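Colleague: I am new to this structure. Could you show me how to read its features, one at a time?

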Amino acid sequence: MSYDPPRPAGRLLLTPEDKEAPARAHRLRRLGLGERTDPALDAYADRLGDATGAPYAMVNFLDENRQFFAGLRRPASGSYRKGDGTSPEVGRILPRDHGFCPHVVVRRKALVLEDVLDYPRFAGNPVVDEFGIRSYLGAPLIDSTGMVLGTVCVADLAPRPWGRIGLETIKTAAADLVVRLERWESDGLGP
């Protein structure tokens with residue numbers, strides 16, 4: 001029998017510890033990733049959103065403190081309204097404790113959440129209340145050195161039955177993007 005210490009009120013799951021974050025941040029800086037947006041990565045996110053039919057699609061790089069969406073597709077403003085009538089917009093930067101990508105990075109494998117509210121450990125995540133996220137599908141970007149650079153992911157404001165096709169789509173997208181990133185690195189072009 002194990003004992004789990006009490007968690008802060010209102011939070012059902014703490015963001016997992018990421019021991020590779022400092023090394024990842026260093027590698028991302030060397031690759032020129034995680035600090036700036038890139039039209040090619042925005043286009044990649046758009047194609048991923050089109051392929052899955054998801055309003056949100058991201059190419060996400062994580063360091064010790066934050067997530068940076070170098071590629072981002074988001075719905076038009078006003079797609080989601082909070083209880084107070086405001087319509088928040090996902091920006092390019094989120095804290096590490098928001099969303100589900102930090103879990104994908106630490107797990108080193110894809111994560112499928114057809115309805116985040118069905119999973120008590122994820123239902124209390126800030127993106128559920130702040131941005132209305134109800135479903136998520138993400139896969140890690142694992143380079144040839146074995147390091148997880150970040151994720152590719154999609155999210156929706158409604159529950160989604162992603163199914164095997166969705167899982168294969170996100171895993172293929174992650175593998176494809178890693179090849180592209182490493183090609184950019186070897187060619188000295190950057191993303």
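Modeller: Start with strand pairing. Two strands pair if DSSP finds at least two bridges between them. Helices (H or I, at least four residues) and strands (E, at least two) are themselves DSSP runs, numbered from the N terminus. Here, Phe-68 has Ile-93 in S3 as its bridge partner.

Colleague: Before we go on, what kind of model is this?

Modeller: This is a predicted model: local features need pLDDT of at least 70, side-chain atom pairs count only at pLDDT 80 or more, and totals for chains, interfaces and linings use all residues. Residues are numbered from 1 along each chain as its sequence is written, and side-chain values use heavy atoms, with hydrogens and water left out.

Colleague: How many helices and strands does the protein chain have?

Modeller: The protein chain has 6 helices and 6 strands. Along the sequence, their pattern is α-α-β-β-β-α-β-α-α-β-β-α.

Colleague: Back to the strands. In which sense do S2 and S3 pair?

Modeller: Antiparallel, over 3 bridges; S3 covers residues 93–95. Strand S1 (residues 56–62) also runs antiparallel to S2, with 6 bridges joining them. One of the pairs there is Asn-60 with Phe-69 in S2. S1 and S2 form a hairpin, with 3 residues between them.

Colleague: Is S2 largely enclosed or open, and why?

Modeller: First, the term. Buried means under 20% relative accessible area, exposed over 50%, and partly exposed in between (1.4 Å probe, protein chains only). In S2 (residues 66–73), 7 of the 8 residues are buried, so the strand is largely enclosed by the rest of the structure. Across the protein chain, 47% of the 191 residues are buried.

Colleague: How do I read burial on a helix?

Modeller: Look down the axis. The arc is that of the directions from the helix axis to the C-beta atoms. Take H1: Ala-21, Arg-24, Ala-25, Arg-27, Leu-28 and Leu-31 are buried. They fall within an arc of 165°, so they line one face of the helix. Arg-29 and Arg-30, on the other side of H1, are exposed. Just after H1 comes Gly-32, with a positive phi of about 75°.

Colleague: What about the core?

Modeller: In soluble globular proteins, nonpolar side chains tend to be buried together. A nonpolar core is a set of buried Ala, Val, Leu, Ile, Met, Phe, Trp, Tyr and Cys residues joined through side-chain atoms within 4.5 Å. The largest one here has 29 residues; Leu-41, Val-59, Phe-61, Leu-141, Leu-149, Val-152 and Leu-177 touch the most other members. Two or more residues come from each of helix H1 (21–31), helix H2 (39–52), S1, S2, S5, S6 and helix H6 (163–187). H6 gives the most, with 7 residues. Another core lies apart from it, with 20 residues, among them Leu-72, Phe-122, Ile-133 and Ala-155.

Colleague: Which residues does Phe-61 contact?

Modeller: Contact means heavy atoms within 4.5 Å. Leaving aside neighbours within four places in sequence, the contacts of Phe-61 include Leu-28, Leu-41, Phe-68, Leu-141, Leu-149 and Leu-181.

Colleague: And a loop residue. Where is Met-147?

Modeller: Met-147 is in the loop between strand S5 (135–142) and strand S6 (148–156). Met-147 is buried, with a relative accessible area of 15%. Beyond neighbours within four places in sequence, Met-147 contacts Ala-23, Arg-24, Arg-27, Leu-141 and Ile-142.
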